[in-house]
Amino acid sequence: MNRTRLTAALFFFITAFTPFEGIAQNEAKRPNIIFMMSDDHAYQAISAYGHGLNETPNIDRLAKEGAIFTRATVTNSICAPSRAVVLTGKHSFINGKVDNIQPFDWDQDNFAKLLQKAGYTTAMIGKIHLDGLPQGFDHSMVLPGQGDYYNPDFIVNGEMKRFEGYVTDITTKYALKWLEEVRDKDKPFLLVYNQKAPHRNWQPAPEYLTLYDDKTFTPPSTFFDDYSNRGRAAKEQEMQIDGHADWGIDFKLKVDPEGKPTVLVKNYLSRFNEQQLKDWDAAYEPKNQAFLKANLQGKDLALWKFNTYIKDYLRTIKSVDDGVGELLDYLEANGLAENTIIIYTSDQGFYLGEHGWFDKRFMYEESFRTPLLIRYPKEIKPGTSIDKLVQNLDFAPTILDYAGVKVPEAMQGESFRSLSNGSSDQWRDAVYYTYYEYPAVHMVKRHYGISTARYKLMHFYYDIDEWEMYDLEKDPQEMNNVYDDPSYAAVREEMHMKLKEVRASYGDSDEMDQKFIDLFNAYMEKRGSPK
């Protein structure tokens, strides 16, 4: 065989057996991927979304230089289940991680495993909140459970180690270290970079302990919501800033207004070193003593609580934004920016005083929606804005699509690559949501539902049987349940038909709901806790 025919034969062999679809891509040209996910980062707290709460110039760069999604949503607004959906591209009731209680099966496919098999060097650094050693990663450095803000422990490739410092900075430092010193530079890379912040209990970095001290925030217009025109679920939750937040955990008081010690000192400040504690006390004690002396009541007390909460929440985000800036600077300095896809998101949205709440869990907009920004200079036009109903279910297929790796049929999401690059605007007309963790912390009732661009239909079940429907165009704050409004009868019928169709297409049912109720009750009985 001559050299020309031999070369052709080798080319045919390589392309015929490549793990990628179509013609094999040169290793150097396959895109690097950095998937950035923070915990409980509300879209309202990213300045690119235009709410004016804070400034996030580094995250905003991704919107300015790439695309911002204005209607990105989650399938299940709670930490661990959301992360399982992101990894597997499958709804909670399919991947098995429906709540923070049920175990996660790492043996099932995830996008990192598939990229690893396709020749990517892979790492996960930060928070994952899924038990077990992460699979699909050449290197992992993850927080155990929720992790700690100060002097945190990390599980490094299966070995527990403690690191001195602030968790956001440490996560960024070791992500950069992996990029510079550890990864195989002959391969394209995947870096999953997950920050703990701004998860409760919102402990800021030493340099930001007094940020916003000179500012008074105005709460959202729905802060004093009385939940009229809503059902029992909105009325019976336990996530009100003025009523359910904790004096020590959330408001940083060492003693409550009655003079009783809070859990702050024992459970959190005990991790601090001498200098960290000195800085903390210098920042918080004068403010806390002034508050206790003022003896605020009623509306004044509620507004103090809101401001104390929102300032600490936003302070932790400042460090997150700093970390994004450090990674962007590294990519620029090392000639990696052009060929690296960067995705920034959160595991769900979060309430920043809307309806008087903190936390998430509900299918109402503030927790159902999540931030999503993506930059890829080779494909995505700067300043792109996309209003399609994408979900965290779509992250795995999208990442695999960019890498040229075949998406497994078991994955239920869709790649939104064509939306990002503008090659198509065809997309689904509805998204599906489930929530299971009840009765439990924050007491948000079990529910499922469907949302289109304009309407949302939800069913609350288990200890109640109530339906809610909202016209998001006329009522974007979801203050008026129109389910029983005669003028919406035709819409209600259409939404029920759509819900039935979508539920069936994903493989969900009332029988699946009962299955997870039984598993939850069995766990609670084993633990000896009331249902």
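Buried means under 20% relative accessible area, exposed means over 50%, and partly exposed lies in between, with a 1.4 Å probe and protein chains only. Strands (E, at least two residues) and helices (H or I, at least four) are DSSP runs numbered from the N terminus.

A word on the source. This is a predicted model, where local features need pLDDT of at least 70 and side-chain atom pairs count only at pLDDT 80 or more, while totals for chains, interfaces and linings use all residues. Residues are numbered from 1 along each chain as its sequence is written, and side-chain values use heavy atoms, leaving out hydrogens and water.

Back to strand 7, residues 189-194. Strand 1 (residues 32-38) pairs with strand 7 in the parallel sense over five bridges; pairing requires that DSSP finds at least two bridges between the strands. Strand 3 (residues 121-126) also runs parallel to strand 7, joined by six bridges. Leucine 191 is the bridge partner of isoleucine 34, and alanine 123 stands opposite leucine 191 as well.

Next, glycine 259, in the loop between helix 7 (232-236) and helix 8 (263-267). Why is glycine 259 counted as partly exposed? Because its relative accessibility is 48%.

Last, lysine 498, in helix 14 (residues 489-506). Lysine 498 is buried, because its relative accessible area is 18%. Leaving aside residues up to four places away in sequence, lysine 498 touches Asp429, Ala430 and Ile450, where contact means heavy atoms within 4.5 Å.
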